[in-house]
Amino acid sequence: MNDSRAFRVLKYYLRWSVLSVIVGALCGVASAVFLMALERATATREVHSWLLYLLPIGGLITGTLYHFWGRSVEGGNNLIIDEFHDPQAVIPFRMAPLVLIGTILTHLFGGSAGREGTAVQMGGSIADQFSHYFKMTRDDRRTLLMVGMSGGFGSIFGVPFAGTLFGLEVLAIGKLHLRGIIACAISAFVAHHVTLAMGIHHAQYAHPLVDFRLSATVWGSAILAGIAFAGAAERRDFDDLGPEDHVREAEPPPDQPAVAEQLPHVLGRGVGGDVEVLGLAPQQQVAHRAAHQARAKSCILEPVQHLQ
């Protein structure tokens with residue numbers, strides 16, 4: 001790596017580090033405010049159980065808020081996912097206070113509402129505001145959304161490690177967008193510690209001690225049960241459970257390469273060379289080493305290729 005490219009890489013990650021700290025701090029503050037309000041709403045409902053009868057009123061209030069002020073953000077999580085895959089417009093900031101108020105009202109009147117959606121929408125909408133002020137490509141904006149979601153999830157639940165992975169994976173199920181791993185980690189940990197600094201104490205759950213000294217009978221039963229469950233899920237004879245059968249029988253969509261063709265590419269990137277997977281035929285191995293070497297570049301340097 002020459003000096004000029006090294007400088008661009010350093011500049012790129014310095015920029016994202018600063019931005020991630022800012023986004024993480026804002027997400028941490030938003031999460032702390034939300035958790036404080038949620039705790040008070042829950043305590044109030046437990047003292048005044050008659051509030052449960054006013055749940056329809058709470059729904060009417062929430063619906064009214066979204067009708068007059070939240071039509072542009074009523075898509076919620078789906079809006080963020082859509083913007084990730086096909087960026088069009090900046091997510092309105094009003095999404096954050098509206099989802100916060102709606103969740104608090106739901107809990108106040110005895111309704112059931114999880115915190116995951118609140119974390120995603122608050123973090124995503126807060127982070128996306130910075131795309132107003134920074135010149136960002138489509139990929140940069142995707143990374144920004146991941147950073148916000150990591151900060152929101154990590155701070156609301158007090159799980160910065162899980163928050164990092166959540167932001168990397170949730171917008172594209174089954175894939176990890178490793179280009180943003182450093183930024184997502186910074187955001188999640190900063191947000192988590194800001195929330196703690198504001199006096200929030202997350203619920204602690206006891207983990208019962210498990211005795212792993214199991215007998216051969218228990219292990220054998222577990223293995224047989226796993227085979228039985230796999231057979232039930234596949235709805236086929238146990239003779240067809242071999243991995244080679246699944247690879248051979250898979251019929252991908254016309255616009256997507258076969259799993260057997262994708263697998264060597266994926267694993268080859270990890271080990272640094274052509275690989276043989278499940279005894280696949282030679283023609284299913286990596287065909288062009290030059291193409292493989294291009295794909296094998298470190299995911300840490302991948303985001304700055306467009307700066308060249």
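The side chains of Asp140 and Arg15 form a salt bridge, with N and O 3.9 Å apart. A salt bridge here is a side-chain nitrogen of Lys or Arg within 4 Å of a carboxyl oxygen of Asp or Glu. Asp140 belongs to helix 6 (residues 138-157) and Arg15 to helix 1 (residues 3-47), so the contact ties together parts that are 125 residues apart in sequence. Helices are DSSP runs (H or I, at least four residues), numbered from the N terminus. The model is predicted: local features need pLDDT of at least 70, side-chain atom pairs count only at pLDDT 80 or more, and totals for chains, interfaces and linings use all residues. Residues are numbered from 1 along each chain as its sequence is written, and side-chain values use heavy atoms, with hydrogens and water left out.

Asp140 is buried, at a relative accessible area of 2%. Arg15 is partly exposed, at 27%. Buried means under 20% relative accessible area, exposed means over 50%, and partly exposed lies in between (1.4 Å probe, protein chains only).

The whole structure contains four salt bridges. Among them is the pair of Arg141 and Glu83, whose closest N and O atoms are 3.0 Å apart. Arg141 lies in helix 6 and Glu83 in helix 3 (residues 77-85), so this pair ties together parts that are 58 residues apart in sequence. Arg141 is buried, with a relative accessible area of 9%. Glu83 is also buried, with a value of 8%.

Arg141 has a further salt-bridge partner in Asp128, with the closest N and O atoms 2.7 Å apart. This pair links distant parts of the chain: Asp128 sits in helix 5 (residues 116-128) and Arg141 in helix 6, 13 residues apart. Asp128 and Arg141 are both buried.

Met198 was examined separately. This residue is found in the loop between helix 8 (181-197) and helix 9 (216-234). Met198 is partly exposed, at a relative accessible area of 32%. Its contacts (heavy atoms within 4.5 Å) include Gly28, Val29, Ala32 and Met36, not counting residues up to four places away in sequence. Met198 and Val29 are 169 residues apart in sequence, but their C-alpha atoms are 7.7 Å apart in space.

Technical notes
Helices (H or I, at least four residues) and strands (E, at least two) are DSSP runs, numbered from the N terminus.
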